[in-house]
Amino acid sequence: GRLEAVTQQMGYHPQYLDSFLKTQHYLMHMDGPLPFDCRHYIAIMAAARHQCRYLVNLHVLQFLRAGGDPQWLRGLEFIPPKLRNLNEINKILAHRPWLITKEHIEKLLKISEWSWSLAELVHAVVLLAHCHALASFVFGCGCEQDEGLGGRSSLKPLSLGNQCFCEATAGNSYSQELLRINRKRSLDSCMELDSLRERMQRIHVETEGREEMRLLQQDREEGEEQGAEMGVQGGSSYGTPGWLSPLADTDGVVTGATNLACYMQDPDFGYQDFARRDEDQTQVFRVQDYSWEDHGFSLVNRLYSDIGHLLDEKFRMVDGLQSSAMAKRQGCEPSVFKRGIWNYIHCMFGIRYDDYDYAEVNQLLERMLKVYIKTVTCYPEKTNSEMFDRFWKQFKHSEKVHVNLLILEARMQAELLYALQAITQYMI
């Protein structure tokens, strides 16, 4: 019944947690354009782009509980073409969202057997952006190194004086109810794990012969060296396919995929610094021309009912969080400090505000703070304990979480702005 680590960290800001849980619950479990198993598989694809085992593990189990086909866990080659076609936009959104164009949207929406509807695509885009940004939070708060996942947490566990976590969220009825449900699910999952393991074992027995023949044939075709390499990746024995690894090990612990590369293509594609060229102003995304408030909100809400309200509430909630102590250390007002962080994150993705003096960023944000923010935002999988040691000393734990919440929401909004603008251009 241990509370999962992300919920623990967000518990320092109960009002935000309430908003986050409502949004995530709506995205994953309420009525929407996409089937439930597809939602979790899209989350797996998104988390894999940043090698975030923590999120992959969670969604592998949820995918199976939603009735997902275990064969899909073998990798992208084993999923329907419609879902596999999402890989390109997933890759671009995760690392260089400014490259998304209406042609990418048109390719997914074109009339064919595997085409997406606008509503389905908007749901998928929100899921991708949500999970990319959540991966940043997971690495930024040390959840990836959580003790429950076999590592050592980089940050101290939740401690709110003498309060337990449930007491800290008192007054947030939605959070309380979802936390109660999550505890029940945690207990249920212990019982479900046995049945899931049996299900996977049956599938393994049924396919073991075919799989071994296929591997032997592939070994003959590609040579002994490559065959041996596949044996290492495949699992503990030559005839055991590696896709069984996402479910359980000998201790009955859900461990996730051994090799997350099976969930993505072009793994070397990553973030590159957005280069602003004065002679080519079209590269810069200007919020005055396309903003969340004036354009993105209405479009996403029209194509995926109510999600716009939930996302808008979450953006506003993180902006309203108190950070007086954090700002006081920088000698400025809280709103000024938060806007500096937000605009710096957007600037790294090529999003500019004409009414903002970017010289303030260098004045407000110390070098190590900027290095940390850029790492967690752009390539969170590279976050390490040394960054915590050099930067986190000056902040309270709740302030550390607050910075990571700003990163989460600013990054998510940046990805959504590019994707929704491309959809708008396609519709025009």
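A residue is called buried when its relative accessible area is under 20%, exposed when that area is over 50%, and partly exposed in between, using a 1.4 Å probe and protein chains only. The model on your screen is predicted, so that local features need pLDDT of at least 70 and side-chain atom pairs count only at pLDDT 80 or more, while totals for chains, interfaces and linings use all residues. Residues are numbered from 1 along each chain as its sequence is written, and side-chain values use heavy atoms, with hydrogens and water left out.

**Stop one: Asn404**

Select Asn404, which you will find in helix α19; helices here are DSSP runs of H or I with at least four residues, strands are runs of E with at least two, and both are numbered from the N terminus. Asn404 counts as buried, because its relative accessibility is 0%.

**Stop two: helix α13**

Next, select residues 307–320, which form helix α13. This helix has 14 residues and reaches 20 Å from its first C-alpha to its last, close to the 20 Å expected at 1.5 Å a residue, where the expected span is 1.5 Å times one less than the number of residues. Among the buried residues of α13 are Ile307, Leu311, Phe315 and Val318. Which elements cover the buried residues of α13? The cover includes α2, α8 (118–140), α12 (292–303), α15 and α19 (397–427).

Asp312 is buried, at 14% relative accessible area, whereas Arg316 is exposed, at 56%.

**Stop three: other salt bridges**

Now select Lys22 and Glu313, whose side chains meet in a salt bridge at 3.1 Å, N to O. This pair links distant parts of the chain, with Lys22 in helix α2 (residues 14–29) and Glu313 in α13, 291 residues apart. Glu313 counts as partly exposed, because its relative accessibility is 28%.

Move on to Arg339 and Asp355, where another salt bridge spans 3.1 Å, N to O. Here Arg339 belongs to helix α15 (residues 334–348), while Asp355 sits in the loop between β2 (351–352) and α16 (359–364). Arg339 is partly exposed at 34% relative accessibility, and Asp355 is exposed at 56%. A search of the whole structure finds 11 salt bridges.

**Stop four: a charge without a partner**

Select Asp37 in helix α3 (residues 36–48). Asp37 is buried but has no salt bridge, and the nearest side chain of opposite charge is that of Arg39, 7.8 Å away; Lys and Arg count as positive and Asp and Glu as negative, with His and the chain ends not counted. Beyond its neighbours within four places in sequence, Asp37 is in contact with Phe63, Ala66, Gly68 and Trp72, contact meaning heavy atoms within 4.5 Å.

**Last stop: the cysteines**

How many disulfides does the structure hold? It holds zero, a disulfide being a pair of cysteine sulfur atoms within 2.5 Å. Select Cys131, which is in no disulfide and whose nearest cysteine sulfur, that of Cys52, is 9.3 Å away. Cys131 is buried at 2% relative accessibility, and Cys378 is buried at 3% relative accessible area.

Note on methods:
A salt bridge is a side-chain nitrogen of Lys or Arg within 4 Å of a carboxyl oxygen of Asp or Glu.
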